[in-house]
Amino acid sequence: MARVVLGVAGGIAAYKSVFLLRLLTEAGHDVRVLPTASALRFVGAATFEALSHSPISTEVFDDVDQVAHVRIGQEADLILVAPATADLLARTVHGRADDLLAATMLVARCPVLLAPAMHTEMWEHPATVANVASLRERGVLVIPPAHGRLTGADTGPGRLLEPEEIADLAELVLRAGPGALRPDLLGRRVLISAGGTREPVDPVRFLGNRSSGKQGLALARVAAARGAEVTLVTANVDAPAPAGARRIAVSTAEQLRVEMLREAKRADIVVMAAAVADFRPTVVSDGKIKKGSSDPEPVALTRNPDILRELVADRHPGQVIVGFAAETGDANGTVLDHGAAKLAAKSVDLLVVNEVGAEIAFDRPDNAATILSADGEQAIVARGPKALLAARLLDMASARLPDQGSDPR
Ligand code: CTP
């Protein structure tokens, strides 16, 4: 349980903060809501009070004897502002203390996470751009807003991230500290594959695997929050893609291969988190295969191309390539022995080695793994949310990128 201050600024997206509040309290956190006076023109104080089980005040002069801004600021483990409006960003840059939220932010020394929401023109205005840069320089975490439908019929960057995504990122900062969302991937392009391929047998059947795509989605979410331009190639993933990612949906290994090889040409980091079927049926029946009365024919299989190998063969200077390996220990070696052999065989920069079993890794929100690097680093990531493994992996990948100024392309 952590003490979270949820700041809410006055924008139409303030209604989403109600869902966010709910998610934070359901996760067991002690949440204190600090709306600005204009936020209360969008959402009533009673809603925040009922869901947070705490009184709401907006002004420093409410409950003066309690010196609320000092106490709340000193006790907080995280200050999360969602939505953060252009005005809130500007006031924060200047260290204003003209309401309870602003004063609390000045007192606090815990991580501060801002989720902006505003019209595209306001987000792209040089004043806001400079404010965001200045806040980031100071260590304030500003997550890029999503690209999507705004208040009216217009679309563009400026939409508040969905409450589930913000809650996920807030949890990551609480567990791993502010470094997990530092903006080290600004100006970088990250390509990620996620999910599991399906190889058709006939129009209704396929050979598939148990990958849910959750680890790839977590990687995309954290990379986008760290400023990367993210392309996510999903193979049979139902869950919505993170707001910051451009999504390309595919189904078979061959479709995944085509998209990955094309998109990798412009990527700085490539992560093959998808589970690719090693084989596909040699012949795909046009019609549904009938049960009939005789014994079934065996299904002949053909080897699928190894996409990761092709990506490595195609890599451009400075590109960092990451593979995943789901392993089980056996008579020939431990899980890590197999991982080390695969790292060398595939010539990737980083390999995430998962031990798999009935209960481990697949379709679960958490994961545990060891990350091996070609240059000999080994990082053990204990069981935790998939975003935690994502952040650690991105730390290691971004440390291996060439300096932006010396990009060889
Ligand atoms: N991979 C790929 N193309 C394939 C198979 C796997 O790009 N046809 C990628 C996966 O996305 C993963 C990595 O290769 O990043 C390792 O996958 P894995 O199935 O563990 O490796 P294989 O080479 O198939 O080895 P194994 O014999 O252990 O299955």
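Here are some numbered notes on the predicted model shown above.

1. **Overall build.** If you are setting up a box, the C-alpha atoms fill roughly 85 × 55 × 45 Å along the principal axes.

2. Of the 409 residues, 50% are buried. Among contacts with a separation of 6 or more, 68% are between residues 24 or more positions apart. The accessible surface of the chain is about 18,900 Å², and carbon and sulfur atoms supply 53% of that area.

3. **Charges.** You will find 44 positive and 50 negative side chains in the chain. The centres of these two sets are 3 Å apart.

4. **The five-stranded sheet.** An open sheet is built from five strands in the order β2-β1-β3-β4-β5, with parallel pairing. Its edges are β2 (30-35) and β5 (141-142); each has a single partner strand, so one side of each has no neighbour in the sheet. As background, strands of a sheet pair through backbone hydrogen bonds, and the pairing can be parallel or antiparallel.

5. **β1 against β3.** Within that sheet, β1 and strand β3 (residues 78-84) run parallel and are joined by four bridges. If you want a residue pair to click on, valine 5 stands opposite isoleucine 79 in β3.

6. **Valine 4.** Strand β1 (residues 3-8) also holds valine 4. Is this residue buried or exposed? Valine 4 has a relative accessible area of 2%, and a residue under 20% counts as buried, so valine 4 is buried. Beyond its neighbours within four places in sequence, valine 4 is in contact with Leu24, His29, Asp30, Val31, Arg32, Leu78 and Leu174. For a sense of scale, valine 4 and glutamate 259 are 255 residues apart in sequence, and their C-alpha atoms are 41 Å apart in space.

7. Please have a look at the bond between alanine 82 and proline 83, which is cis, with omega about 0°. Proline 83 is part of strand β3. For context, most peptide bonds are trans, and most residues other than glycine have a negative phi.

8. **Histidine 53.** On the subject of phi, histidine 53 has a positive value, near 55°, although the residue is not glycine. Where does histidine 53 have its place? The residue belongs to the loop between α2 (45-52) and α3 (68-75). Its relative accessible area is 70%, so histidine 53 counts as exposed.

9. **Serine 347.** Here is another positive phi in a residue other than glycine: serine 347 has a value near 55°. This serine lies in the loop that runs between α12 (335-346) and β17. Its relative accessibility is 39%, so serine 347 counts as partly exposed.

10. **β17 and its partner.** Five of its six residues are buried, so β17 is largely enclosed by the rest of the structure. Strand β16 (residues 320-327) runs parallel to β17, and six bridges join them. Glycine 323 has leucine 351 in β17 as its bridge partner.

11. **Glycine 329.** The loop between β16 and α12 contains glycine 329. At 44% relative accessibility, glycine 329 is partly exposed. Which residues does glycine 329 contact, leaving aside neighbours within four places in sequence? They are Thr334 and Val335. Glycine 213 is 116 residues away along the chain, and the C-alpha atoms of the two glycines are separated by 24 Å.

12. **A hairpin to finish.** Strand β9 (residues 199-202) pairs with strand β10 (residues 205-207) in the antiparallel sense, over three bridges. The two strands form a hairpin with two residues between them. Glutamate 199 has leucine 207 in β10 as its bridge partner.

Note on methods:
Residues are numbered from 1 along each chain as its sequence is written. This is a predicted model: local features need pLDDT of at least 70, side-chain atom pairs count only at pLDDT 80 or more; totals for chains, interfaces and linings use all residues. Side-chain values use heavy atoms; hydrogens and water are left out. Buried means under 20% relative accessible area, exposed over 50%, partly exposed in between (1.4 Å probe, protein chains only). Contact means heavy atoms within 4.5 Å. Accessible areas come from the Shrake-Rupley method with a 1.4 Å probe; for residues, only the protein chains shown count as cover. Lys and Arg count as positive and Asp and Glu as negative; His and the chain ends are not counted. The place of a charge is taken as NZ of Lys, CZ of Arg, CG of Asp or CD of Glu. Two strands pair if DSSP finds at least two bridges between them.
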